[in-house]
Every structure is written in C-alpha cells, then in structure tokens.
Amino acid sequence: MNPNFHFEITHTDGKARTGILHTPHGDVETPIFMPVGTQATVKFLSPEELKEMNAGIVLANTYHLWLRPGTDIVKRAGGVHEFMQYDRPMLTDSGGFQVFSFADNRKITEEGVHFRSHIDGSPCFMSPEISIEAQNDIGADFIMSFDECPGYPSTREYMEQSVERTLRWAKRGKDAHKNPNQALFGIVQGGEYEDLRRHSARELVKMGFDGYSIGGTSVGEDKPTMYRMMDYAVAELPEEAVKYLMGVGSKDAILEGVARGIDMFDCVLPTRIARHGTLMTSQGRVNIKNAKYADDFTPIDPECDCYACRHYTRAYVHHLIKENEGFGMRLLSIHNLRFLIHFMEEIRSAIKEDRFAEFKAEEFRKMERANIAHRGF
RNA sequence: GGGGAGGUAGCGAAGUGGCUAAACGCGGCUGACUGUAACUCAGCUCUCUCCGAGUUCGGCAGUUCGAAUCUGCCCCUCCCCA
C-alpha cells in the first residue's frame, strides 16, 4: 500500500459513506464529483474558478497529453499541477477509454493498442507500461490502469478474453508503476456479465491496488444494467477500499452509485452540455438556446449559489450562447459543475445525518416532477 | 445622356427547357450529449385541411406537351463613362 495516500471512511449510512482522501496535494471529501479537464484544463475554466466552486480532484487525460504537448513537456514543467497551476489533487485516466472511442481505427493486441492519432492520423502505440510511465511523468495524484473499455453490447466470448487481457494489463501496469506519490487504481470490467465482473474485481483485489474503478459503464447500456454492473463489481471489492465509478455524471446514477458505496465520480457531461447550451438546474434541464429565454431576466437557477447565477440572467446567457461567445460557455460550465459539486455536498450532508435513503428518494421524486427522471439529469 | 451587369425561398448563392419546391452556406426553430477526436452532432425551416395537395424563382404577356430556365414589353438595383 502507498504510504503517501490514505482513504479514511468518516461515516456510513447503509452502504453509502463519507470519507476523506488524503493525498500529497491535500485532502478531499467523498463522495466526490470530479470535473474533467482532458487537456490539462477544464475547458473554458481557470483553476481559480474551479476552486471557487469547491472543486476537489480534477481529471486530465494521458492519451491527449501524451500526444500533445507530450508527457515529457509536462514532466519538465514540473508535473501537471505546476503546468496548469492547479494545486489540488488530480487524477489521470490511462487512455483506456480512448481505446473504446477510437474503435473504428485501432487494433488491440496482447502487447497493447495500435491506433491512429486523432490529430494527424500518424500511427501510435499505447501499452500498459507506456501509459503508466506517461502518467508517472504527468504526475497526478491518482492514476489509472490501462484497460480496454468494451462497448455495449459485447458478446460473452469477447468480454471474457477482454477481461483477462485487461487483468494482465493491470498487472503489467502495477509492475511498471514507479512513483510512490501516485495512487494506482485497478479498473473492473466485465460488461453486464455478473461472473466476469466479479472475477475482474476479485483478481484486481488479489493484485492489490490503492483504489478500484468501475469501468465500462455509460457505453450504451440502459440504467438498470448499469446499476447491476455496479452491484456485481462492488460485491467483490473490500468495504474499506475507495471506489470510483468512471464516466458517470447524471444525478440518478450518482445517487445509485453512492447508495452502493461508490466514492468518486467523474463525467464530461456537465461541461459538455454546458458548452452546448444545456443547464442542469434545480427545476430540471434547461436548454438556454430556446427562444423563450431571450427575454427571461431571471437568474439561471434561483437556488444556485454559483458565480454565474449570482450575477447573470437567463436572457444574457441565452444571448452569449447564441452568439457562441466563450464567456457564455464559461458561465454555463461554472454553473453545471457547481450544480453537481453542490449536489455532492448535499449527499455528504445527508449521509452524515443518516438520512441518505430519504434524500435519494426525494431527489428521484424531484426528477420525476422536473420530467427528467427518464434521463437522470 | 452613353455603356455594362443583374433581379431565385429570412439573407447570401447555385441552377440556364423536363429527373426542381428549387443544390449549398448563413440565419431561425427543436433535439441529442455520461473515464472529451465534442465552441460538437442530428432533424426541421414556401403554404395548407401536411403520408396528399396548392402556390413559387421582379411583373405582365407569349413560345412549348412542359419554363426559374426561351421571346417581348415593363419595373427595379448596381457599376463604369459623361
């Protein structure tokens, strides 16, 4: 186990729990939602803005930084924290998800993945060792095993061999990991197959990681299936281990995750839909581009305390987004992230007060009323 | 006054006898987005009693089986020279 990293569970309420992640860049409370900053920046936002919204861990992506500017540059800059001037904890994804999203032009072998750069089409090769070494150079507090994230649905035969390969890759990555200041997570795969999920989790636990991620969710499956995937994985993971549900950022899935003992969530959803003009609000989803907001001089979300809601009207943001102004994307990104971060604060309070089940039920009722229950955000 | 160019759907702009309600772009409207190839993508955008029909391509009158496309006249715009 890593001496520079410690997960402390502070309170439990059923399977839901609050905790503190102690890292070389300070402590953060869990359950936590982590904004995604793929290219060492949360698109349109400054580190100051992230801090003001009470962001904790921020993600960056190994694949992207490896291609540009090159992980050697990040290393020479003094690591990603110094490079992007964010002094709170960070996490890098391994590039495994890109293996999934580049499905059209990649070739998976035992050694690793051959694919073409999305920038210039040049041939690239990523392996567990290369990914871990790159992540060591980037220097985030949390790093991920290089995994394959199969799409949904995948045949059982495919998933069986994929899970085995990802387990072998996890072992190779663990052996390659050299930086004691970085917590390395194993990633549970296995699709919707219970025995494969359980097997994947069990084998990772045997290898012993600093934390465990649940991958292969939100890749096309329906919600009940996603929740079953969580159930299968969590069933084989130690109670005390920190658990991370990768790529999930809708309210319903976060609530279901927390209810199962998940501690960490990340998602591009709030920032992406913000750039595209959609707001998550206490009243449900708002597409600010709609003509009806052109003369709506009320706050973005009357119940929100974010910078955008404190200062600007829907009419103004409507105008900015219609005009494709960066400031509009920034304001909406600030709002959506703060909305989810605040949501996590409420979840933590509910857990600490032993009323998470009621909180969760009420949140689902609210989603029903806002007519977003079918989507979850 | 002389010479030249041109008027196509909200705007710009293709089309120069049938396959054209009319390419494409913009604008407009709506939707999507879950470990970010995503300031992206998709649909709709003449009218209606809208799974079928009706009116269109400056105007009017013609030629033709058939015209936004050809002919005549008229109206309007822009450019150059006086």
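**Salt bridges and the RNA surface**

Glu194, Arg198, Arg202 and Glu236 join in a network of salt bridges (a side-chain nitrogen of Lys or Arg within 4 Å of a carboxyl oxygen of Asp or Glu). This is a predicted model: local features need pLDDT of at least 70, side-chain atom pairs count only at pLDDT 80 or more, and totals for chains, interfaces and linings use all residues. Residues are numbered from 1 along each chain as its sequence is written, chains are lettered from A and ligands numbered from 1 in the order in which they are written, and side-chain values use heavy atoms, leaving out hydrogens and water.

The structure holds 29 salt bridges. One of them pairs arginine 172 with glutamate 111, with 3.4 Å between the closest N and O atoms. This pair links distant parts of the chain, 61 residues apart. Arginine 172 sits in helix 7 (residues 156-176), and glutamate 111 in the loop between strand 7 (106-108) and strand 8 (113-116). Helices (H or I, at least four residues) and strands (E, at least two) are DSSP runs, numbered from the N terminus. Arginine 172 is buried, at 18% relative accessible area, whereas glutamate 111 is partly exposed at 46%. Buried means under 20% relative accessible area, exposed over 50%, and partly exposed in between (1.4 Å probe, protein chains only).

Next, arginine 260 and glutamate 256. Their side chains meet in a salt bridge at 2.8 Å, N to O. Arginine 260 counts as buried at 15% relative accessibility. Glutamate 256 is buried too, at 13%.

Aspartate 296 and arginine 314 form another salt bridge, with the closest N and O atoms 3.5 Å apart. This pair also links distant parts of the chain, 18 residues apart. Aspartate 296 lies in the loop between strand 16 (284-287) and helix 12 (307-311), and arginine 314 in helix 13 (residues 314-322). Both residues are buried.

Now turn to RNA strand B. It is surrounded by 45 residues, where near means a heavy atom within 4 Å. The closest are Gly247, Val268, Arg275, Lys322 and Arg375. The surface near RNA strand B divides into 15 nonpolar, 19 polar and 11 charged residues. Ala, Val, Leu, Ile, Met, Phe, Trp, Tyr, Cys and Pro count as nonpolar, Asp, Glu, Lys and Arg as charged, and the others, Gly among them, as polar. Helix 11 gives the largest share of this surface, 5 residues.

A side-chain N or O atom of threonine 271 is 2.6 Å from a base oxygen of RNA strand B. For arginine 272, a side-chain N or O atom is 3.0 Å from a base nitrogen.

Note on methods: Polar contact = N/O pair within 3.5 Å; in protein donor to acceptor, adjacent residues only side chain to side chain.
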